[in-house]
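Here are my notes on this model, point by point. Please read them with the structure open.

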Amino acid sequence: MAQSKGWVRRYFKAFCKGFFVAVPVAVTFLDRVACVARVEGASMQPSLNPGGSQSSDVVLLNHWKVRNFEVQRGDIVSLVNGSRT
């Protein structure tokens, strides 16, 4: 019985260490480097979402290109409302 409690305690401790390291790294990556977004509706047809409102496309939003002002003609730019409530 004592061995099973020790195994659970070690497992829980390892999980917490991994969780408290992985979550800040993931949040920083998604905020500063890149994130994934879904494109739905007719706003980007026919380039994205060619099937209409029934389907959606997934895109990778590259934050580095915008931060370094490397946007070129033909790039797709996503704008986000800064006053989230």
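1. The protein has 2 helices and 2 strands. Starting at the N terminus, the order is α-β-β-α. Both kinds of element are DSSP runs numbered from the N terminus: helices are H or I with at least four residues, strands are E with at least two.

2. A word on the basis. This is a predicted model, in which local features need pLDDT of at least 70 and side-chain atom pairs count only at pLDDT 80 or more, while totals for chains, interfaces and linings use all residues. Residues are numbered from 1 along each chain as its sequence is written, and side-chain values use heavy atoms, with hydrogens and water left out.

3. Of the 85 residues in the protein, 7% count as buried. Buried means under 20% relative accessible area, exposed means over 50%, and partly exposed lies in between (1.4 Å probe, protein chains only). The protein exposes about 7,800 Å², and carbon and sulfur atoms supply 61% of that area. Accessible areas come from the Shrake-Rupley method with a 1.4 Å probe; for residues, only the protein chains shown count as cover.

4. Now the contacts. Among contacts in the protein with a separation of 6 or more, 44% join residues 24 or more positions apart. Contact here means heavy atoms within 4.5 Å.

5. Look at the surface next. Trp7, Val8, Tyr11, Phe12, Phe15, Phe19, Phe20, Val23 and Val27 form a nonpolar patch there. Together they have about 1,000 Å² of accessible area. Patch members have over 30% relative accessible area and no salt bridge; nonpolar side chains (Val, Leu, Ile, Met, Phe, Trp, Tyr) are joined within 5 Å, like charges within 9 Å. Phe15, one of the patch residues, lies in helix H1, which covers residues 2–32.

6. How many aromatic pairs does the structure hold? There are 3. Rings of Phe, Tyr and Trp (its six-membered ring) pair if their centres lie within 6.5 Å; planes under 30 degrees apart count as stacked, over 60 as edge-to-face, and the rest as tilted. Trp7 and Tyr11 are stacked, because their ring centres are 5.8 Å apart and their planes meet at 15 degrees. Both residues lie in helix H1, 4 residues apart, or about one turn of the helix. Trp7 and Tyr11 are both exposed.

7. Phe15 and Phe19 form another stacked pair, at 6.0 Å centre to centre and 20 degrees between the planes. They too lie in helix H1, 4 residues apart, about one turn of the helix. Phe15 is partly exposed because its relative accessible area is 49%. Phe19 is also partly exposed, at 40%. Phe15, Phe19 and Phe20 form one aromatic cluster.

8. Charged side chains come next. Side chains of opposite charge can pair when their charged atoms come close. A salt bridge is a side-chain nitrogen of Lys or Arg within 4 Å of a carboxyl oxygen of Asp or Glu. The count comes to 1 salt bridge. Asp31 and Arg32 form a salt bridge through their side chains, at 3.7 Å from N to O. Asp31 has a relative accessible area of 46%, so it is partly exposed. Arg32 is partly exposed as well, at 46%.

9. Last, the cysteines. How many disulfides does a search of the whole structure find? It finds 0. A disulfide is a pair of cysteine sulfur atoms within 2.5 Å. Cys16 is partly exposed, with a relative accessible area of 21%. Cys35 has 18%, so it counts as buried.
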